[in-house]
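I set out to record helix packing and pockets in one model. The entries below keep to what I looked up.

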Amino acid sequence: PATTTLFLTKVVEILCDYVRKTYDRNEKVVDFHHPQDLKKFLDLEIPDERPETLEKILESCRETLKYGVKTGHPRFFNQLSSGMDIISLAGEWLTATANTNMFTYEIAPVFIVMEEMILKKMREIIGFPAKSGDGIFSPGGAISNLYAVNCARYKFVPDVKKKGLREAPKLVMYISEHSHYSLKRAAAILGIGTDNVYGVKCDERGKMIPSDLERKIQVAKSKGETPFFVSASGGSTVYGAFDP
């Protein structure tokens, strides 16, 4: 127990030092090195026999943070990551320490109840009536898009769940020409086919043009195709555009 406590205390010290440096404008956003050079600094080989010592693991923690990108740095302006939120960070540490999975209430009672309350609040924010609707958390936008296409297909052709695509008409879907690649991937995974994903033109601000969408829907119907899904971007990847 004493060794465990000492090791974890040192890990926390390393992490807290990194947090401090993240907010320091005098620190580099990244200590950049090309891959071939970075491999010389980092010992990433997996030992065949004896495991690494705790001291070696602590040194690896320091090196990992030293050469990584400080995404919470005031001068970091790349995509996706934003400033560090210490409450979220504390939550990450807590969930890692709890070391559980949300399979059932039996294994994770607090987290199951917490999930229900968060989803309830999220439904309220977007205007769902009280005690209605449902929700699910996903690991990211790509999987969320896959879920969305699957839900839309099930709503439009519920028999596809049991009988497969054989019972479905020729389904087509519409996405902004600036939409995320994951929507075409979703079409491929779900058996809709990427050729049946139609791109809709955007204006100079990157927003989908509704008249072009309407025209393409009418063309598809005239060919006997069945439109079932339109994806509206809520902040596109490049332009940050919101479709009307």
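**Basis.** I note that this is a predicted model, in which local features need pLDDT of at least 70, side-chain atom pairs count only at pLDDT 80 or more, and totals for chains, interfaces and linings use all residues. Residues are numbered from 1 along each chain as its sequence is written, and side-chain values use heavy atoms, with hydrogens and water left out.

**Entry 1, α1 and α3.** I looked up the packing of α1 and α3 and found an angle of about 10°, with the axes 10 Å apart. Axes are lines fitted to C-alpha atoms, for helices over the stretch in contact, and angles run from 0 to 180 degrees between N-to-C directions. Helices are DSSP runs (H or I, at least four residues), numbered from the N terminus. The two helices, α1 and α3, are therefore roughly parallel to each other; angles under 35 degrees count as roughly parallel, over 145 as roughly antiparallel, 65 to 115 as roughly perpendicular and the rest as oblique. The crossing of α1 past α3 is right-handed, that is, the near helix is turned clockwise from the far one by less than a right angle. For contact (heavy atoms within 4.5 Å), I listed T3, F7, K10, V11, I14, L15 and Y18 in α1, which meet L54, E55, I57, L58, C61, R62 and L65 in α3. This contact has 10 nonpolar, 1 polar and 3 charged residues. Ala, Val, Leu, Ile, Met, Phe, Trp, Tyr, Cys and Pro count as nonpolar, Asp, Glu, Lys and Arg as charged, and the others, Gly among them, as polar.

I found helix α6 (residues 141-156) packed on helix α8 (residues 182-189) at about 50°, with axes 9 Å apart. That angle makes α6 oblique to α8. The crossing of α6 past α8 is right-handed. On α6, the residues A142, N145, L146 and V149 meet S182, L183, R185, A186 and I189 of α8. I class the residues of this contact as 6 nonpolar, 2 polar and 1 charged.

The largest pocket has a volume of about 610 Å³. A pocket is an open set of points on a 1 Å grid over the protein atoms alone, where a 1.4 Å probe fits, with protein on both sides within 12 Å along at least five of seven lines; lining residues have an atom within 4 Å of a point. Of its 19 lining residues, S88, G91, E92, W93 and T95 are the closest to the centre. I note that α4 gives the most to this lining, with 7 residues.

I read about 310 Å³ for the second largest pocket. A volume is the space filled by probe spheres set on the points, which are joined across faces, edges and corners. Its lining has 6 nonpolar, no polar and 10 charged residues.
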